[in-house]
Amino acid sequence: MKEELDERERMGRLRRLSTAVWLNDGWIERDGKRLLNLASNHYLGLSPWVSGKEWEALRRETEAMGEPGVRIGAGASRLIGGHDPHHQALEREMAEFKQREACLVFTSGYMANAGVIAALVGRHDAVFSDRLNHASIVDGIVLSRAHHVRHPHRDLNRLEAQLKKWSAGATGEAGRVPRKLIVTDSVFSMDGTEAPLADLVTLKERYGAMLMVDEAHSGGVYGPEGRGMCHELGLHERVDVIMGTYGKAFGAVGAYIAADGIVIRYLVNRARTFIYNTGLPPFMAALIRARLREVRAADEARSELMRKAALFRARLRAGGLDTGEGASHIVPVMLGTDERAVAVSAALAEAGIAGVAIRPPTVPEGAARIRFAPTPQHRDEDLLRVADTVARLAQYI
């Protein structure tokens, strides 16, 4: 272990925990230093704290449901005895929000992806996955033991060729046609690029595949009332499985799957990360229900987020920096080597800016970067100052 860790440190890839205290208006304090926080996924900038008034309202609502107070823990798997009235209410409200027949809540996006993919497909099936999909998608495919067929980022020609080849030659278990599952992020977390969802829907219908879309980084940000990119494009009824999280724009924790009722019933019986996992804390389910109302009403914050991200990206590009192909609220600055990304990140911290170096294996070799995520809380003048600082540092490092 020590040899491996020493090698990681030599390569500039050793990860360390660093305590961050969240402050007001998009700032944090880390290692005793006040930093402008451009490193989080807190996209809408909604309050990360629960007020006494909000907590009291949750307590009264819980008592009306028949419990003496808001439970901290579920106490068991939800199938054993951990299914709280707040879980039931949240899933009902999320199904209405996502305009699907049913929803199922998981403890995290990682648990949702790992469990759902492994439930939907098995060793005789195939999953077609974008090379830049999140690690939780990759791990879900590995756990499923299905054939993992990867295609270059957003390369629809390669994907169709793979679907055509698999459809022509695949053989499955006796009595069951092999399943084909296309899975993709909607907004890719380290590049800020958007998936070609309309084309993916066309391909899945053409080749009889299922389509699963991970809305972790688009939920709350895109679509009417923040319903996500599938809704923004009018595709939500043609996507078989929509996954979203509460740990990004919602500013909480947990995840959900929205789908037809039969799919949700199937997952309750097949998704191991649901069956064998302690349920989401009921108090968190209650807080998410309250936060859902805030997210739906946050049109101004969504508009400001996109405006600020475009302003920030344009200033970076004007400074000669490579921000990739994306046009979303996620803004990477491509720096190439691990050493350069780490050095720029450290220099930014000295300048009072939190911008974390992203290195392999999170991103491909030679594609290290700083990943920035503005929020509506950040002032325009601060974002422009940060962009100018990054351009100046990148010129000399």
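Asp31 sits in the loop between strand S2 (27-30) and strand S3 (33-37). In this predicted model, the phi of Asp31 is near 55°, a positive value in a residue other than glycine. Most residues other than glycine have a negative phi, and most peptide bonds are trans.

**Backbone exceptions**

- Asp31 counts as exposed because its relative accessibility is 67%, over the 50% cut-off.
- The position of Gln99 is in the loop that runs between helix H4 (85-98) and strand S4 (102-106).
- With a relative accessible area of 40%, Gln99 is partly exposed.
- Pro360 and Pro361 are joined by a cis peptide bond, for which omega is about 10°.
- Pro361 belongs to the loop between strand S13 (356-358) and strand S14 (368-372).

**Strand pairing around S3**

- S2 and S3 run antiparallel and are joined by four bridges.
- Within this pair, Arg30 stands opposite Lys33 in S3.
- The two strands form a hairpin with two residues between them, and Asp31, with its positive phi of about 55°, lies in the turn.
- S3 also pairs with strand S12 (residues 353-354), here in the parallel sense and over two bridges.

**Nonpolar cores**

- In soluble globular proteins, nonpolar side chains tend to be buried together.
- The largest nonpolar core comprises 54 residues, and those with the most contacts inside it are Met94, Phe128, Ile182, Leu197, Val239 and Tyr246.
- Helix H12 (residues 282-296) supplies the largest share of this core, namely seven residues.
- A second, separate core has 26 residues, including Ala102, Ala112, Val183 and Ile257.
- Leaving aside residues up to four places away in sequence, Tyr246 touches Leu90, Met94, Val105, Gly251, Ala252, Val253, Gly254, Ala255, Tyr256 and Ile288.

**Second largest pocket**

- The second largest pocket holds about 400 Å³ of space.
- Its lining consists of 23 residues, of which Ala118, Ala119, Val121, Ser144 and Arg270 lie nearest the centre of the pocket.
- Helix H5 (109-120), helix H6 (135-144), helix H10 (261-270) and helix H11 (272-275) are the elements that give two or more residues to this lining.
- H5 provides the largest share of the lining, five residues.
- Classified by residue type, the lining of this pocket has nine nonpolar, six polar and eight charged residues.

**Cavities**

- Rolling a probe the size of a water molecule over the atoms shows where empty space is left.
- Three cavities of 30 Å³ or more are present in the structure.
- The largest cavity contains about 110 Å³ of space.
- This cavity is lined by 17 residues, and the closest to its centre are Trp22, Gly26, Trp27, His42 and Gln377.
- The lining of the largest cavity has seven nonpolar, nine polar and one charged residues.

Conventions: Residues numbered from 1 in each chain as written. Predicted model: local features only at pLDDT ≥ 70, side-chain atom pairs only at ≥ 80, totals over all residues. Heavy atoms only, no water. Buried < 20%, exposed > 50% of the residue type's maximum accessible area, 1.4 Å probe, protein only. Pairing = 2+ DSSP bridges. Core = buried A, V, L, I, M, F, W, Y, C linked by side-chain atoms within 4.5 Å. Contact = heavy atoms within 4.5 Å. 1 Å grid on protein atoms, 1.4 Å probe; cavity = no way out; pocket = protein on both sides within 12 Å on 5 of 7 lines; lining within 4 Å. Points joined across faces, edges and corners; volume = space filled by probe spheres on them. Nonpolar A, V, L, I, M, F, W, Y, C, P; charged D, E, K, R; others polar.
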